[in-house]
Every structure is written in C-alpha cells, then in structure tokens.
Amino acid sequence: MTWHVDEQDLRAYARGELAAPMLWSADTHLAGCGQCRGVLADVSDPVALDAGWERLDAELDAPRPGVLESLLVRCGIPDHIARLLAATPVLRGSWLGAVVALLVMTVAVANVTPPTTSPTLFLALAPLLPLAGVALSYGPALDPTYEMAVVAPMHGFRLLMIRTVAVLATGLGLNGLATLALPGYGLRALAWLLPALALTTTALALAPRLGPVLAHSLVGGAWIAVLLVADAQRAADSDPLAPFTATGQGVAAAVAALAVGALLLLRDRFDLFTWSAE
C-alpha cells in the first residue's frame, strides 16, 4: 500500500472522534494494513482499550432476550422487570398449553350439559388455575431463578406482586376467554372470578408463614372441601353450589378484602422469611 492513515487521524479514531467520510476510509484501511494497526495500538489509551474489550465481552456474554422478554420491553416495561417476568416458570409455553387444554376440555363438558343448570365443573376448576399459577411462580422449590431473585435489589413483596400480577393477568385472561365460550349461561359463568381472587389473596397472605407451595395447597384443598360440602347440602343437582350464589359471592368478596388487608400488613415478612424448607 502507498497510503496510510495519518497518525493524528489514528489518534482521533482511537478516541472515537474521527468523522465520516475519513472514518469509513480508516475502517477499510485498518482491516488490511498491519502497519496502521500497529500505530493505532501505540497511540491508543490502554485503559480505554481494556474498558472497550470488557464492554465487548459483556455484550457477547449477555443472554439474548427471548420473545416474551422482547415483547414486554416493547410494551414499555423496564428491562429488569421484563427479565424477571420472562423467567417466571408458569409463563412458559408448557404451563400455558396445559392450562388451555384443561380449559378447553372443561368448556366442552360444560357445553354438553343443559344451559338451565350451572357450569359446575368449570366454576369449580377456574379458581384453582390462578391459585396454582401463583404458587408455582415464586419460591426455591419450583423457581429456577429463585436465588437470583432474592439477591436482586428489590423488595421481596414487590417482586412477588410483580409476578403475581403477571400470572393473574394471564390466568384470569385465559379463564375469561373460556367464559366467553359459555354464552348460554350468561353472567352465571362469571361466578368463578370472586372465588379466584379470594383464594389467591388468602394463599398469598399465608405464604410468609407456610411458604408458597404449602399455603396454596392448603387453600386449594379447603376450596375443594367447601365444594364437596356444598354439593352434599344442595337440594337438587340443578341448584348452584353455595359459593356461586349471591351469598357465596358476597362471602368471597369479603374474604378477598380481608386477605388483601392482611397481605399489606405482612408485606415486610416477605423479606425476612426464607423458604429454605421447601
């Protein structure tokens, strides 16, 4: 080569101050000229050069965001929150696919029964799905990112609420779509909503003492027991179960309100309590 990049231009290039079109010429020339690359290494600041290599290594080693994480960021959610949500186990395809399949089968069974009765199976099952989703979204037993989550510079209660809201939005959304597939039942098909909120908030309020899995399991078992007792006490099979009557809905709303109050009072315990026994 008969032309080489001037040393002053190389110094500007090293500082990131070389303007186009000289910048483009220098880039092209440096790719094939060992002499200029040697001069560039001599005039470059070694501290800045090391920092640049460290930034490059960090960029290369950083995990690539998945589809869900990228979508959340595009919706305006901060990067660190999007990563926490994307790492939530129950927001993955396998869990969501199982929930959709279960809801489809339940809706199919409900549509077979006469619309004069209540969709009992659907109403009994729908509150359990958000409850199970929240139970599986946080805790050392089932969350593969639990260790990273607990050392994150974030209040434990806030972390739990972020994942809970995401799981509830997904679970309640799927239940809502399933409810639309039961047009013959009208508003009766929405009788699962208040029990779902009551069960989930009650389990969350118990989680600091019992842990997420045990608390949600006990609440889910209590719900099944209530349904069995209500089924044994109703006069006819065509009558709705007690939790899905007006009185039962009022009780569910009251339980949900009390559980929310207890959850707010106990919010600091989510940082003090470790669920190492699970």
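Mentor: At 9% relative accessibility, Ala-230 counts as buried (under 20% relative accessible area, 1.4 Å probe, protein chains only). Keep in mind that this is a predicted model, where local features need pLDDT of at least 70 and side-chain atom pairs count only at 80 or more, while totals for chains, interfaces and linings use all residues. Residues are numbered from 1 along each chain as its sequence is written, and side-chain values use heavy atoms, without hydrogens or water.

Trainee: Which helix is Ala-230 found in?

Mentor: Helix 13, residues 212-233.

Trainee: And what does Ala-230 touch, not counting residues up to four places away in sequence?

Mentor: Leu-241, Ala-242 and Pro-243, with contact meaning heavy atoms within 4.5 Å. Ala-242 is 12 residues away from Ala-230 in sequence, and their C-alpha atoms are 5.7 Å apart.

Trainee: New topic: at what angle do helix 9 and helix 12 cross?

Mentor: Roughly 25 degrees, with the axes of helix 9 (residues 128-135) and helix 12 (residues 193-210) coming within 8 Å. They are therefore roughly parallel (angles under 35 degrees).

Trainee: Which residues of helix 9 and helix 12 meet?

Mentor: Pro-130, Leu-131 and Val-134 from helix 9 meet Ala-196, Leu-199, Thr-200, Ala-203 and Leu-204 from helix 12.

Trainee: What about helix 1 and helix 3, how do they cross?

Mentor: At roughly 60 degrees, and the axes come within 9 Å. Among the residues making that contact are Leu-10 and Tyr-13 of helix 1 and Val-39 and Leu-40 of helix 3.

Technical notes: Axes fitted to C-alpha atoms, helices over the stretch in contact; angles between N-to-C directions. Helix = DSSP H or I, 4+ residues; strand = E, 2+ residues; numbered from the N terminus. Buried < 20%, exposed > 50% of the residue type's maximum accessible area, 1.4 Å probe, protein only. Parallel < 35°, antiparallel > 145°, perpendicular 65-115°, else oblique.
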